[in-house]
Amino acid sequence: MAVDPLIELRDVNKYYGELHVLQDIDLTVGKGEVVVVIGPSGSGKSTLCRTINRLETIRSGSIRLDGKPLPEEGRALAQLRAEVGMVFQSFNLFAHKTVLQNVSLAQVKVRKRKKNEADKRSRELLDRVGLAAHADKFPAQLSGGQQQRVAIARALAMDPKALLFDEPTSALDPEMINEVLEVMQQLAHDGMTMVVVTHEMGFARTAADRVVFMADGRVVEDRAPEDFFTHPESERARDFLSKIL
Ligand code: ADP
Ligand code: MG
């Protein structure tokens, strides 16, 4: 790979009790790369995202971010969480805070920005995700697609080195999926490093540099999207694609 690695997993193993949920995972995400992770339900995709963000601990192996091992705890861990933003299926906005407050809050608490600086940055980001006019509304006054775009703006407000998306459009009504994918496409185009778990194969084909196919806790294929979709190598991937395409 020509680009510098940003996220590197080497021989990562994780268990939930007896369940070997991540098995010998080797994965490198280069700076500016977009990696789409697909695979059957229960294959370990969410666990992989949570592991990269140290929301989960691992049994063995190593994870590096920008050349440095992931911190175990304390301030360094909080810093890591700010450097690797995460966007979930459920938007997890604070219901009793306005859109602007939702985007500004962690900037003040974690990034130690002054409130007016944070609000200025929030308004820029809300403009970038097409929500400048909605800054003073509450989450419940927005559609699901709009709420997810607020969640993306909030993640961007930390100036993350990478963003992880775990099925960001799965909870949305069909007519709202594209507005979120378009924001993600734009981020990809602007050079953000992204790991995206999604069932949106159109997004995978157009935005991904690589597709990682997982099954039973393993990375089964890791290839350019066109190769993967036209010539899946494994039986598991062929089977999976035949069900969703
Ligand atoms: P995916 O996101 O690909 O659907 P997950 O990473 O959510 O898969 O789950 C992988 C496996 O780990 C599944 O068998 C799931 O039931 C199990 N699992 C996930 N979270 C936990 C947990 N907190 N405790 C025990 N088992 C879990
Ligand atoms: Mg999942």
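Predicted model: local features only at pLDDT ≥ 70, side-chain atom pairs only at ≥ 80, totals over all residues.
1. Start with the largest pocket, which holds about 570 Å³ of space. Its lining runs to 22 residues. If you want a handle on the middle of it, go to Arg-81, Met-86, Ala-106, Arg-154 and Met-158, the lining residues nearest the centre.

2. Which elements build that lining? Helix H2 (74-83), strand E6 (84-87), helix H3 (99-109) and helix H5 (144-156) each put in at least two residues. The largest share belongs to E6, with four residues.

3. Arg-81 and Arg-154 both sit among the residues nearest the centre, and arginine counts as charged.

4. Next, the second largest pocket, with about 170 Å³ of space. Around it you'll find Lys-97, Thr-98, Leu-100, Gln-101, Ser-104, Leu-105, Val-108, Lys-109, Lys-115, Asp-119 and Asp-136.

5. Where does this second lining come from? H3 and helix H4 (115-128) each give at least two residues, and H3 has the largest share, at six.

6. The lining of the second largest pocket divides into three nonpolar, three polar and five charged residues. Among the lining residues are Lys-97, Lys-109 and Lys-115, along with Asp-119 and Asp-136.

Conventions:
Residues numbered from 1 in each chain as written. Chains lettered and ligands numbered in written order. Heavy atoms only, no water. 1 Å grid on protein atoms, 1.4 Å probe; cavity = no way out; pocket = protein on both sides within 12 Å on 5 of 7 lines; lining within 4 Å. Points joined across faces, edges and corners; volume = space filled by probe spheres on them.
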